[in-house]
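User: I am new to this structure and would like a friendly walk through it. Could you take my questions one at a time?

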Amino acid sequence: MVEYIVKVEELDPKLAYIQVTHVIPFFTKDELDQRLNEFEQNHDVDTFMYETPFTKSGAARGSVEEQWKRKTVIKTRYSFPYVLKRIPVKSREIIELSPIEVAIDEMQSKVSELEEIILPPADVKKLQLRLQGSVAVTVNAGPLAYAHAFLDAKVINNFSLDRVEDLKDVFRDFIGVCHKALCVNERMISADQKEYHHVLKENYEKLCQALSELLQDESFQPLSDDADAAAQRNSMALFNAISGASHNSSTA
């Protein structure tokens, strides 16, 4: 989804303009606790959210150290589905995430996606695609890009201690859910996929090793089955923390 910032002064007053963007239902943690299935999460909904990437230089995209994100939360006058397809927006809240907060948010999304996909009945093809994209050890892309940008000893003091700890927490969650996903994959695969699973497991171990080398004060070792249960954390609480009132926001 791409949102173009509308500059009213540049619009032709003789023309009518329509801006279309994609939105997703938006819920607080308490609401999600009540909306447990797909129907409940897509019925009687009046709050939606869309994201806009931006940089301070004006470009939409930049390096992870430059990438900001604007979350726009809109509330409609009536709930969807409704007898009308178009419902007026009655309020709007804008939340800006700094680059390290973007990293936390993106990593939290990866954790949530993996947590959802390992729920029974798991789809092994989707599971493997998510795993492959999660555990690939690439310095300039994926999880390690965020780790190097914000957790490296050379730069870590440039950021809020609270945000650094939040990002470390998400990485702990991430390592834990990757391990659980590997366990699910191992149980589901056929004999001819054992070598592929072994490659995924090796990449997971390399990721843990790379994180341990980067964070010299903490060891991100591959989890054992016994440690798996202890790795479970309440990830949505962290999401709410970085999306809360501490950020710059405005309501219209």
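User: In what order do the elements of the protein chain run from the N terminus on?

Analyst: Happy to start there; please keep in mind that this is a predicted model. The chain holds nine helices and four strands. Read from the N terminus on, these elements run β-α-α-β-β-β-α-α-α-α-α-α-α.

User: What percentage of the residues in the protein chain is buried?

Analyst: A residue counts as buried when its relative accessible area is under 20%. The protein chain has 252 residues, and the buried share of them is 38%.

User: Which element gives the largest share of the largest nonpolar core?

Analyst: That core has 39 residues, and Leu151, Leu167, Phe171 and Leu211 touch the most other members. The elements that give it two or more residues are α3 (99-117), α4 (124-135), α5 (143-150), α6 (161-188) and α7 (194-214). With eleven residues, the largest share comes from α6.

User: Which residues does Leu211 touch, not counting those up to four places away in sequence?

Analyst: Leu211 is one of the residues that touch the most other members of the largest nonpolar core. Once residues up to four places away in sequence are set aside, its partners are Leu144, Ala147, Phe171, Ile175 and Phe220.

User: Which element gives the most to the lining of the second largest pocket?

Analyst: This pocket holds about 560 Å³ of space. Of the 16 residues that line it, Gln19, Thr21, Ile74, Ile87 and Val89 are the closest to its centre. The elements that give two or more residues to the lining are β2 (45-54), β3 (68-80) and β4 (89-97). With three residues, the one that gives the most is β3.

User: How many residues in the lining of the second largest pocket are nonpolar?

Analyst: Sorted by class, the lining has three polar and four charged residues. The nonpolar residues there number nine.

User: Which residues is Arg77 in contact with, leaving aside its neighbours within four places in sequence?

Analyst: Arg77 lies in strand β3. Arg77 and Ser91 are 14 residues apart in sequence, with their C-alpha atoms 8.6 Å apart in space. Contact here calls for heavy atoms within 4.5 Å. Leaving aside neighbours within four places in sequence, the partners of Arg77 are Ile87, Pro88 and Lys90.

Notes. Residues are numbered from 1 along each chain as its sequence is written. This is a predicted model: local features need pLDDT of at least 70, side-chain atom pairs count only at pLDDT 80 or more; totals for chains, interfaces and linings use all residues. Side-chain values use heavy atoms; hydrogens and water are left out. On a 1 Å grid over the protein atoms alone, a cavity is a set of points where a 1.4 Å probe fits but cannot get out, and a pocket is an open set with protein on both sides within 12 Å along at least five of seven lines; lining residues have an atom within 4 Å of a point. Grid points are joined across faces, edges and corners, and a volume is the space filled by probe spheres set on the points. Ala, Val, Leu, Ile, Met, Phe, Trp, Tyr, Cys and Pro count as nonpolar, Asp, Glu, Lys and Arg as charged, and the others, Gly among them, as polar. A nonpolar core is a set of buried Ala, Val, Leu, Ile, Met, Phe, Trp, Tyr and Cys residues joined through side-chain atoms within 4.5 Å. Buried means under 20% relative accessible area, exposed over 50%, partly exposed in between (1.4 Å probe, protein chains only).
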